[in-house]
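Welcome! Open your viewer, get the selection tool ready, and follow along from stop to stop.

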Amino acid sequence: MKRILSIFLALTLLFSLTACGGNDKTTPSDTSGNGNADTEMKEDSALTDTKEEMVEITFATWAMENEMQKMVDLYNAAQNKVHVTLQVTPLSEYGTLMNAVLGTSEGPDVLWAGLQTRLWGNANMLAELQDQVEKENMDLGVFLEYPLKQNYVGDKLYGLPCYTDSYAICYNKAIFDKYGVSYPKENWSWTDYEAIAEELNAKIKAEGGSEFASALAINEPAHGTLLLLTCNGAKLYNEDVTGCALNSPESVEMLEMVQRMVASGAQADYDTLVETSATSLFISGLAGMVIICPDPGANGLFEGTAVKDTLDYIAFPNGPTSGTNYLSTVTMNNIVINSGTEKFDAAWDFMKWYTTDQDAVNAYAEIEWHLPTNVNAVEAWKSAHDYAQVYAQEADKVVTVWDVPLCNYSCLGQISPNLIPVFSGEISAEEGLANLETAMNDLISEELGN
């Protein structure tokens with residue numbers, strides 16, 4: 001506890017020291033020059049004048065330091081009115097620190113936010129942006145609908161989206177070839193997925209192999225279990241976001257499919273996936289199929305591994321009951337402005353440039369592996385990543401499961417503990433979903449003050 005406290009105090013001090021003149025109310029619009037002030041100032045060099053006009057702001061993030069620094073450097077080189085300094089805090093400490101400094105001049109001027117955007121906006125810790133957007137007649141139609149939606153609390157806008165996730169199935173052709181099973185085909189369904197997995201599993205067992213046909217990440221609530229439930233048409237929340245909506249026939253169907261595959265050995269069981277992640281199984285050649293969002297390929301996950309030259313990507317299957325072919329997402333990142341900043345104009349200039357300037361969004365698309373939320377960046381993204389086509393095709397199908405005002409992470413945390421007994425066959429899918437519904441509803445009621 002002492003160590004955590006000391007880290008927190010040190011980080012807080014870091015922000016206060018690097019806020020670069022937190023009481024300086026100068027903005028880019030203030031620095032265009034004032035004739036009266038010029039006559040009162042003493043003669044000085046052009047270099048000194050430039051430094052006096054430069055507005056210093058801070059940009060905080062929790063990850064991707066190299067990528068973020070490239071963007072900061074590009075912005076700083078593109079103009080001479082604002083200078084941005086990047087601050088990186090580990091994700092494990094980021095939320096705690098921001099909760100303490102946002103809404104004050106001790107915090108960063110502009111920052112990276114994920115699902116906290118609504119939470120911080122609702123708490124008045126972020127600057128409202130709607131008036132600024134309307135003042136500049138800014139076209140928000142360049143952003144994907146659902147990632148943009150997650151930046152609103154009611155009709156108040158608190159951020160602009162940068163990226164989101166879509167998903168695909170990645171399969172190892174070497175395993176399919178080894179056991180003589182045909183590859184998955186486009187426009188397939190989860191019924192097809194199960195049939196392929198069981199065929200592959202039967203041949204693996206017949207030949208004494210050790211591979212799993214399927215390694216769906218059922219140990220991961222967001223990118224695994226929740227994704228499986230919502231891709232078949234279930235919703236995390238009901239229409240008026242007052243209760244859990246995962247307890248549905250579509251969810252039962254998906255959970256029972258996983259139960260069958262775990263029981264047969266076609267799907268890696270929960271304990272195996274906790275000990276060795278789905279992607280680790282896949283990389284080591286011990287899994288035929290996994291769910292992959294765009295980042296593993298670009299992140300170098302497969303570089304230098306045995307599967308690098310034998311894998312392929314295919315679009316997500318259709319839901320067996322709903323027939324839908326859309327993807328839910330729980331990952332999205334936005335740029336927001338601290339409501340306590342005294343340099344709003346400078347922060348807004350950087351934020352707008354980062355999310356809408358064509359050169360900027362193209363540059364970001366080339367260095368970022370997630371799906372860009374600015375539709376004008378998709379072509380640059382596809383060109384920069386050789387595996388991106390399947391994800392780009394899915395972009396219009398991405399919907400969010402976070403249609404709740406405060407985005408309580410605790411709700412997501414209830415998924416695994418309530419569904420582990422389902423995957424192990426101890427209880428039915430119906431019973432597990434009923435338990436999950438009760439647990440989530442209690443949290444939602446608490447969050448909404450009911």
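This is a predicted model: local features need pLDDT of at least 70, side-chain atom pairs count only at pLDDT 80 or more; totals for chains, interfaces and linings use all residues.

Residues are numbered from 1 along each chain as its sequence is written, and side-chain values use heavy atoms, with hydrogens and water left out.

Select residues 221–231 for H11 and 249–264 for H12; their axes come within 8 Å and cross at roughly 130 degrees. Axes here are lines fitted to C-alpha atoms, for helices over the stretch in contact, and angles run from 0 to 180 degrees between N-to-C directions. Now show the side chains: Leu228, Leu229 and Cys231 of H11 meet Ser251, Met254, Leu255 and Val258 of H12 (contact means heavy atoms within 4.5 Å).

Next, select residues 344–356, helix H16, together with residues 65–78, helix H4: they pack at about 115 degrees, with axes 11 Å apart. That angle makes H4 roughly perpendicular to H16. On the H4 side, pick Met68, Met71, Val72, Leu74 and Tyr75; on the H16 side, Ala346, Asp349, Phe350, Trp353 and Tyr354 complete the contact.

For the last stop, go to Leu148 in helix H8, residues 145–149. Is Leu148 buried or exposed? With 11% relative accessibility, Leu148 is buried (under 20% relative accessible area, with exposed over 50% and partly exposed in between, using a 1.4 Å probe and protein chains only). Beyond its neighbours within four places in sequence, Leu148 touches Leu140, Phe143, Leu157 and Pro161.

Key
Helices (H or I, at least four residues) and strands (E, at least two) are DSSP runs, numbered from the N terminus. Angles under 35 degrees count as roughly parallel, over 145 as roughly antiparallel, 65 to 115 as roughly perpendicular and the rest as oblique.
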